[in-house]
Amino acid sequence: MKDKSKLEQRSTVYDVAALAGVSPSTVSRFMNQTTYVSDAKRKQIQAAMVELGYKPGQQTGASASSRTMTIGVLVQHPDSPFYSTILRGIEEVLLAQGYSHIIVTGHWNSEEEMESMQLLLSRSVDGIIIVTGGLADEQIVEFSKKRPIVALGRELEAARLRSIKIENSVGAYMATNHLIQLGHREIVHIRGTEGHPDAQQRYEGYCQAMEHAGLPVKLQLVEQGDFSEQGGFDAVQRLLANKRQFSAIFAANDLTAHGAMLALYKANRPVPERVSVVGFDDVPGSAFFIPPLTTVRQPIFDTGYAAALTILDMLNGGASNSFRIPPVELVKRETTQAHVL
């Protein structure tokens, strides 16, 4: 008869899963209460844990034997097309590898993001994926000392921190240059959320394209938005109320472009006959908008997929971020046309 104390020390999530006849991710979901587990499987897992003497939370560290098989994911608005597509990419990798995930939100509030990160730590996740947000670089570095982290839209490196950069400035340059090549000179830019790295980089790309074409960046044609439809709608209404003259809009993302186009429609300024519009992201609905939106396609699903591969690689001892995502590209549809003087 094997010594019970030694058996308890050796027992892992994998042992419980094998004895219960379920997957490691099902055991993880049961212990973390992240999603529903049927009564039959719950009883099998509980019986296996009793037989093995396994006690959740008794192990520490990040070795394979102590993993919870759970990854935390911090997003801002999981109901937006951008974040839901990112999550699909993450989920496809994690589920295939037997992992589950806990999703927490920040809603662009730094205090809420901090609370969400602390929640993930309290749930003993193996690693964390941060999908944009307002946490300072220094805060993310500090959190990475407690758990491995992959941060999207950042350029950070530390012992247990990897980042995946999005080509924001390149894509914004392409979008603005497309409008310039069509003969537009009075080009509005509706910015993203104030202080957000993506918003700042897209604004920089807009400025670079204008300057390289010898065109001034007119601050009266730069409006603040917040990456939402309402933000785009309100920005265009302000432009019209202030009687700004413009023939084109580069919006910080597709949702902003959608709102801007509604405001133009209500003001009897048809797109693209009177105003050309370009977005950024190419979320699923943009191809089916009326008219279909010209936009910069970033590989949203692939970015989530790469983030999940990267965090798992880190947990398995990988030392570099070798998972690359496709470059951004301009997708020309029906919201832009040549400017007629």
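Author: Let's start with a polar contact of 3.1 Å, which joins the side chains of serine 286 and histidine 258. The term stands for a pair of N or O atoms within 3.5 Å; within protein, one must be able to donate a hydrogen and the other to accept it, and residues adjacent in sequence count only if both atoms are side-chain atoms. This is a predicted model, where local features need pLDDT of at least 70, side-chain atom pairs count only at pLDDT 80 or more, and totals for chains, interfaces and linings use all residues. Residues are numbered from 1 along each chain as its sequence is written, and side-chain values use heavy atoms, leaving out hydrogens and water.

Reader: Happy with that! Is serine 286 buried or exposed?

Author: Buried means under 20% relative accessible area, exposed over 50%, and partly exposed in between (1.4 Å probe, protein chains only). Serine 286 has a relative accessible area of 0%, so serine 286 is buried.

Reader: Which residues does serine 286 touch?

Author: Contact means heavy atoms within 4.5 Å. Leaving aside residues up to four places away in sequence, serine 286 touches Asp254, His258, Pro292, Leu293 and Arg333.

Reader: And how many aromatic pairs does the structure hold?

Author: Rings of Phe, Tyr and Trp (its six-membered ring) pair if their centres lie within 6.5 Å; planes under 30 degrees apart count as stacked, over 60 as edge-to-face and the rest as tilted. The structure holds three such pairs. In one, phenylalanine 301 and tyrosine 305 have ring centres 6.1 Å apart and planes at 35 degrees, so the pair is tilted. Phenylalanine 301 is partly exposed at 22%, and tyrosine 305 is partly exposed at 31%.
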